[in-house]
Amino acid sequence: MARFTTSDGVSLYYTDEGQGVPLLCLSGLSRNGRDFDYVAPLLDGVRLIRLDYRGRGQSDWAPHESYSIPIEGRDALELLDHLGIEKAAILGSSRGGLIAMGLAATVKERLLGVALNDIGPEIADRGLEVIKNYLGRRPAWKTMAEAVAARPKVMAGFANVPAERWQREAETHYREVEGGLDITYDPKLRDAVLAEGAQVVPDLWPFFEALAELPLCLVRGANSDLLSEACFVEMTRRRPDAVAVQVADRGHIPFLDESDAVAALHKWIAMM
């Protein structure tokens, strides 16, 4: 099991496999490196590095005040330092994309390129409310079978998803405990996010503009409730050189093994 210890003493889990362009995969808010299980076998010529954020997956829990984008970005840089990697590309899903934009604004020299999966500089209120409703709370379902059956409704905007994918999703993001199911991350993450939400939200467009001159890939779920189509169009207008794709039958977030998403990622990787 690969682990490293951050500068503030938190033990984090990561995986490191393959050879080629160093590609650091950063997952969504409450998720972990297993999010990239679907796309990993489809990416050639990359050294695929996946990090479980503090408090998520197999990484240690930490004081909830440290569950923040700046500190998680610092953790990502410290992982690259631990591995002796000077520059890496980042594939960021949702929160991972926000971290990538933050790194572009502060340590751009460490980046080879950035791919944003269903995230941008404007975050739709509807999607945020959905996240706040479930974040940090144990699921109501008592069995894994119930969770699997409910998954298509939980992940709104998805269609044409095979049953085995919903099974895998449920088994990845819930664990069976006495009396029912539990989440696979620190429930205190909720406190951190609600505290962040009480602050004035900064204008994130300058962070997007910080990606200038970096190879850029933009992926949006066509039915996303977090990244609006209007924001996505504006992102492509500002970066006409970006590899951009909207994935049909997907909400927040695309799995990334969809053919259009894979083709876009391959094109983006070839730019580095």
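Reader: Which residues is histidine 173 in contact with, leaving aside neighbours within four places in sequence?

Author: Histidine 173 is in contact with Arg31, Asp35, Arg151, Asp182, Ile183 and Thr184 once those neighbours are set aside. Contact here means heavy atoms within 4.5 Å.

Reader: Before I go on, what should I know about the model and the numbering?

Author: It's a predicted model, with pLDDT of at least 70 needed for local features and 80 or more for side-chain atom pairs, while totals for chains, interfaces and linings use all residues. Residues are numbered from 1 along each chain as its sequence is written, and side-chain values use heavy atoms, with hydrogens and water left out.

Reader: Back to histidine 173, then. Where is its place?

Author: Histidine 173 is in helix 5, residues 163–173. Helices (H or I, at least four residues) and strands (E, at least two) are DSSP runs, numbered from the N terminus.

Reader: Does histidine 173 count as buried or exposed?

Author: Histidine 173 counts as buried because its relative accessibility is 7%. Buried is under 20% relative accessible area, exposed is over 50%, and partly exposed is in between (1.4 Å probe, protein chains only).

Reader: And what does its side chain make a polar contact with?

Author: The side chain of aspartate 35, at 3.4 Å. A polar contact is a pair of N or O atoms within 3.5 Å; within protein, one must be able to donate a hydrogen and the other to accept it, and residues adjacent in sequence count only if both atoms are side-chain atoms.

Reader: Ok, new topic. How many cavities of 30 Å³ or more turn up?

Author: Two, in a search of the whole structure. On a 1 Å grid over the protein atoms alone, a cavity is a set of points where a 1.4 Å probe fits but cannot get out, and a pocket is an open set with protein on both sides within 12 Å along at least five of seven lines; lining residues have an atom within 4 Å of a point. Points are joined across faces, edges and corners, and a volume is the space filled by probe spheres set on them.

Reader: Which residues line the second largest cavity?

Author: His173 and Asp35 are both there, along with Arg34, Asp37, Tyr38, Arg168, Glu169 and Thr172. The volume of this second largest cavity is about 30 Å³, and five of its lining residues are charged, two polar and one nonpolar. Nonpolar covers Ala, Val, Leu, Ile, Met, Phe, Trp, Tyr, Cys and Pro, charged covers Asp, Glu, Lys and Arg, and the others, Gly among them, are polar.

Reader: And the largest cavity, what's its volume?

Author: About 50 Å³. Asp35 and Tyr38 are in its lining, as are Arg31, Ser93, Asn117, Glu169, Ile253, Pro254, Phe255 and Leu256.

Reader: Tyr38 and Phe255 both have rings. Why is their pair edge-to-face?

Author: The ring centres of tyrosine 38 and phenylalanine 255 are 5.4 Å apart and the planes are at 80°, so the pair is edge-to-face. Rings of Phe, Tyr and Trp (its six-membered ring) pair if their centres lie within 6.5 Å; planes under 30 degrees apart are stacked, over 60 edge-to-face and the rest tilted.

Reader: How buried are they?

Author: Tyrosine 38 is buried at 7% relative accessible area, and phenylalanine 255 is buried at 4%. Ring pairs also link Tyr38 and Phe255 with Phe158 and Trp166 into a cluster.

Reader: How many aromatic pairs does the whole structure have?

Author: Seven. One of them is phenylalanine 4 with tyrosine 14, edge-to-face at 6.2 Å centre to centre and 65° between the planes. Phenylalanine 4 lies in strand 1 (residues 3–5) and tyrosine 14 in strand 2 (residues 11–17), so this pair ties together parts 10 residues apart in sequence.

Reader: Last one, pockets. What's the volume of the largest?

Author: About 1,100 Å³. The largest pocket has 39 lining residues, with Ile69, Arg95, Leu98, Ile123 and Glu196 nearest its centre. Helix 2 gives the most to that lining, seven residues.

Reader: And the second largest pocket, which residues lie nearest its centre?

Author: Arg31, Tyr134, Arg151, Val154 and Met155, out of 28 lining residues. Arg31 and Arg151 are also among the contacts of histidine 173. The volume of the second largest pocket is about 690 Å³, and helix 3 gives the most to its lining, with six residues.
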